[in-house]
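User: Here is a model I would like to go through by its overall make-up. Please take the surface first, then the fold and the domains.

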Amino acid sequence: MDIEVFPHRVLGADTTEKLLNGIEGLDDVKRTVLQGPKLPPADPNEDPKYADRGIIIVNGKEIELKVKTGRIFVEISNESTIDDIREVCDEYLPFGFDINIGKYIRTQKTTSDNIKYGDADIPDELIGMTDQSAKLADRLTIIKRDME
Amino acid sequence: MAQYYPGTSQIAQNRRNFSDPEYDLEKLREISDEGVVKVLGHRAPGEEYKSVHPPLDEMDEPDDIIRELVEPIDGAKAGDRVRYIQFVDSMYFAPAQPYLRSRSYLNRFRGVDAGTLSGRQIIEARERDLERISKELLETEYFDPARSGIRGKSVHGHSLRLDENGVMFDMLRRQLLNKETGKIEMVKDQIGKELDEPVVLGEPLDEETLMKKTTIYRVDGEAYKDDKDAVEILHRIHVSRSEGGFCPE
């Protein structure tokens with residue numbers, strides 16, 4: 001099942017980082033998608049002190065933040081995880097948020113996917129992780145879970 | 001007495017205040033002339049005004065009764081270029097909004113051209129008049145540093161949720177909250193060109209003040225449907241327009 005975390009304000013890099021670390025730290029979380037207005041690419045002429053931080057670190061892995069976080073889709077398997085996620089959100093989103101249950105990440109290949117990837121065998125986990133106009137490698141980061 | 005806007009709510013009253021040229025808008029902050037010039041980005045501070053025609057006094061104009069009746073504004077007298085300032089107002093209780101801006105600009109200022117779109121509003125005038133008008137717009141109730149944006153381009157953001165620090169989304173990040181001073185600083189001019197020194201726009205208004213000053217009806221503020229008087233007038237206009245346009249003969 002998927003859930004959508006809908007903060008009442010759009011999030012900056014710091015809050016996104018903390019929130020994602022909290023969510024990704026949960027065992028039951030399989031996939032996470034960040035959705036929001038796209039940020040312009042880094043401008044080399046711009047004073048870096050005015051730019052928002054582009055790189056966040058989630059579970060020790062660097063991720064380039066390309067959108068301003070507006071919504072977070074999370075795929076989980078147990079309904080009880082929602083309460084854990086709610087706890088994480090309570091901590092980092094003091095301005096309020098909604099959690100909605102639904103289907104937010106698609107699980108079937110679309111016609112666009114077929115045109116894009118052909119008959120190549122795409123693992124189930126990669127389907128629905130990006131929109132059809134973007135390259136998968138540009139948008140996707142795989143975070144390995146510590147298997148100790 | 002001119003009737004500017006119907007309604008008994010605070011929002012209706014605010015709309016009337018803005019539209020009434022006799023009403024003195026409250027001055028909320030101080031921005032230097034140089035700051036305004038920098039924010040506009042049309043000329044460097046201290047630079048001469050460029051002109052598109054010689055001063056009117058030196059021009060040999062044809063005799064015309066209208067020319068005698070209408071006193072030209074300063075910029076027109078000097079032959080300045082026509083320049084602009086454009087504002088974006090967040091739907092989250094910004095003090096002004098595009099339609100109201102146009103209505104009130106045309107009531108308050110002479111020699112201007114106002115253009116209204118759903119999310120942004122532009123005003124064009126001769127350069128030196130524009131600077132005077134911009135200063136007034138930025139210093140008075142028209143403007144809140146967090147919920148209103150000065151954006152010549154890349155205006156997207158008025159209908160988005162606010163940033164987590166309460167500032168309206170801006171992909172070019174022109175207005176930033178300085179966490180140390182608690183004031184909003186304009187670090188780029190209105191088209192996104194970086195400034196040498198940030199222009200301080202002052203502290204954002206708090207939620208309570210914004211709710212009192214806003215001219216936007218919202219269900220979580222004052223709902224339009226609760227303003228019976230305004231709704232009644234709207235119905236009347238709707239019915240007369242429909243019947244007048246129907247032409248039942």
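Analyst: The model is a predicted one.

User: How far apart do the centres of the positive and negative side chains of chain A lie?
Analyst: Chain A carries 30 negative side chains and 20 positive ones.

User: Which pattern do the helices and strands of chain A follow along the sequence?
Analyst: Chain A has six strands and four helices. Read along the sequence, their order is β-α-β-β-β-β-α-β-α-α.

User: What radius of gyration does chain A have, against that of a compact globule?
Analyst: For 148 residues, a compact globule would have a radius of gyration near 15 Å. The value for chain A agrees with this, at 16 Å.

User: What percentage of the residues in chain A is buried?
Analyst: Buried means under 20% relative accessible area. Among the 148 residues of chain A, the buried part is 38%.

User: How far apart do the C-alpha centres of the two domains of chain A lie?
Analyst: The domain assignment gives domain 1 as 2-41 + 48-105 and domain 2 as 108-140. Their contact takes six residues from domain 1 and eight residues from domain 2. Between the C-alpha centres of domain 1 and domain 2, the distance is 22 Å.

Methods. Residues are numbered from 1 along each chain as its sequence is written. Chains are lettered from A and ligands numbered from 1 in the order in which they are written. This is a predicted model: local features need pLDDT of at least 70, side-chain atom pairs count only at pLDDT 80 or more; totals for chains, interfaces and linings use all residues. Side-chain values use heavy atoms; hydrogens and water are left out. Helices (H or I, at least four residues) and strands (E, at least two) are DSSP runs, numbered from the N terminus. The radius of gyration is taken over C-alpha atoms; the globule rule is 2.2 Å times the number of residues to the power 0.38. Buried means under 20% relative accessible area, exposed over 50%, partly exposed in between (1.4 Å probe, protein chains only). Lys and Arg count as positive and Asp and Glu as negative; His and the chain ends are not counted. The place of a charge is taken as NZ of Lys, CZ of Arg, CG of Asp or CD of Glu. Domain bounds come from an automatic or database domain assignment. Contact means heavy atoms within 4.5 Å.
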